[in-house]
Amino acid sequence: MADEVVKFKVTIDGIPVEVEPGTTILNAARKIGGDIVPPAMCYYSKLEGSGGKCRTCLVKVTKGSDKDPRPMPKLVASCRTTVMDGMEVQNITSPEVVEARKGVVEILLINHPLDCPICDQAGECKLQDLGYEHGAQNTRYEFERRTFDPISLGDKIQLHMNRCILCYRCVYVANQLTGEREHGVLYRGDHSEISTYIEKALDKDFIGNVIDVCPVGALTDKTFRFKNRVWFTKPVNAHRDCPTCSGKVTLWYKGEEVLRVTARKDEYGEVEDFICDTCRFEKKNTSDWVLEAPTQVDKESVIGANHYLQFNPPSVIKENKKLQAANAEQLQRTEPLK
Ligand code: SF4
Ligand code: FES
């Protein structure tokens, strides 16, 4: 008989779940899903070693385990704390956690400019969402904010250090996806900043993924900047036969024009498959892609405000037999071509 897999039983906000030993509290909560999942600004399931930097995922462990039921004396980072059998955790049911999260958001916003009206990340910014949920109306900070000049990281990526929350995700992307250390965090404490070595351009294939993993508008796509607000665009899943990556992307349309190409993201806003720079920056014609279906957008997202579910292919498909053949399956689900 095969060995039975040991599972730990954990309760989060009163909801029980069974997970494998070594699972973090955050991932146990994600297994349950819904409102009880702590927000995560620095943890990224696809990036090894991520987490433990931002403290937005703090939770309260009210019972350590069945063996040692004592509560943990302080709130813990759920992305870095693994579960024990019988552990009981509080997230949104703990007023202490909610209060602490407000404090974390206040700290994250101390140096972050409130420039959402002109920031390209607006509408898909995790800090903006957190600010709405937990932010105070006024700041208590009286000192001068730290500011930096925008830095051009090559011809495709722009760094606005003023908006960076030092989550390190982009550093992990560079280390883990491009096989070469491209940039890192210089200095410590209040002086910390993301920088390349003597501002060397980030030009390795796959480096464009730093744009997708950045939770705020610190790293933006120069080929898309200021072209449109995301909620006026229509995301459509598409794929191509790419020799370098999975070729599975989301195309962001405005009318017939593809304004940008991004990786597809899951319900936590994390990339499903990292995509190469050729797919991201060089393939902006509908004819480069086989369209699949409108991207399912989380109903909470402002992007959903302009969302549509009907497959409405751009006219370039209607005029091109080859593209019609490539999209035959999707076209069957729509109105006949006129
Ligand atoms: S630039 Fe963005 S991804 Fe990189 S550390 Fe700053 S906030 Fe995180
Ligand atoms: S997500 Fe856990 S500390 Fe940032």
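Two strands pair if DSSP finds at least two bridges between them. Helices here are DSSP runs of H or I with at least four residues, strands are runs of E with at least two, and both are numbered from the N terminus. With that in hand, take strands S1 (residues 8-12) and S2 (residues 15-19): five bridges join them, and they run antiparallel.

Before going on, some ground rules. This is a predicted model, in which local features need pLDDT of at least 70, side-chain atom pairs count only at pLDDT 80 or more, and totals for chains, interfaces and linings use all residues. Residues are numbered from 1 along each chain as its sequence is written, while chains are lettered from A and ligands numbered from 1 in the order in which they are written.

Back to the hairpin. Two residues sit between the strands, and Asp13 takes a positive phi near 50°. Most residues other than glycine have a negative phi.

Now the sheet. Which strands form it, and in what order? Five strands form an open sheet, ordered S2-S1-S5-S3-S4, with mixed pairing. S2 and S4 are the edge strands, each pairing on one side only. S1 also pairs with strand S5 (residues 88-90), in the parallel sense, over two bridges. Ile12 has Val89 in S5 as its bridge partner. In general, strands of a sheet pair through backbone hydrogen bonds, either parallel or antiparallel.

Next, helix H1, residues 25-32. Ile25, Leu26, Ala28, Ala29 and Arg30 are buried in H1. Buried means that 20 or more other C-beta atoms, placed from the backbone, lie within 10 Å of the residue's own; exposed means 12 or fewer, and partly exposed is in between. What do the buried residues of H1 pack against? They pack against S1, S2, S3 and S5. Packing here rests on contact, with C-beta atoms placed from the backbone and lying within 7 Å. Just after H1, Gly33 takes a positive phi of about 80°.

Between H1 and S3 there is a loop, and Arg55 is found in it. Arg55 is not a glycine, yet its phi is positive, about 70°. Arg55 counts as partly exposed because it has 19 C-beta neighbours inside 10 Å.

Further on, Pro73 lies in the loop between strand S3 (58-63) and strand S4 (76-77). Why is Pro73 exposed? Because 7 other C-beta atoms lie within 10 Å of Pro73. Pro73 and Lys60 are 13 residues apart in sequence, with their C-alpha atoms 8.8 Å apart in space.

On to the annotation. An unreviewed UniProt entry lists residues 96-135 as "domain: 4Fe-4S His(Cys)3-ligated-type". Positions are in the numbering used here, feature names are shortened, and annotations may be inferred rather than shown by experiment. In the model this span is 55% helix and 0% strand, and its end C-alpha atoms lie 16 Å apart. Helix H3 covers residues 126-134, and its buried residues are Lys126, Leu127, Gln128, Leu130 and His134. Helix H2 (95-108) is included in what covers them.

Now the ligand. Which residues come nearest to ligand 1? Of the 14 around it, Cys164, Cys167, Cys170, Cys214 and Ala218 do. Near means a C-beta atom, placed from the backbone, within 6 Å. The shell divides into 13 nonpolar residues, no polar and one charged. Nonpolar covers Ala, Val, Leu, Ile, Met, Phe, Trp, Tyr, Cys and Pro; charged covers Asp, Glu, Lys and Arg; the others, Gly among them, are polar.

Setting aside neighbours within four places in sequence, Val210 contacts Ile157, Cys170, Val173, Ala174 and Leu219.

One more loop, between strand S7 (157-159) and H4, holds Leu166. Leu166 has a positive phi near 55°. Leu166 is partly exposed because 17 other C-beta atoms lie within 10 Å.

Last, the totals. The protein has nine helices and 14 strands. Of its 338 residues, 36% are buried.

Technical notes
Contact = placed C-beta atoms within 7 Å.
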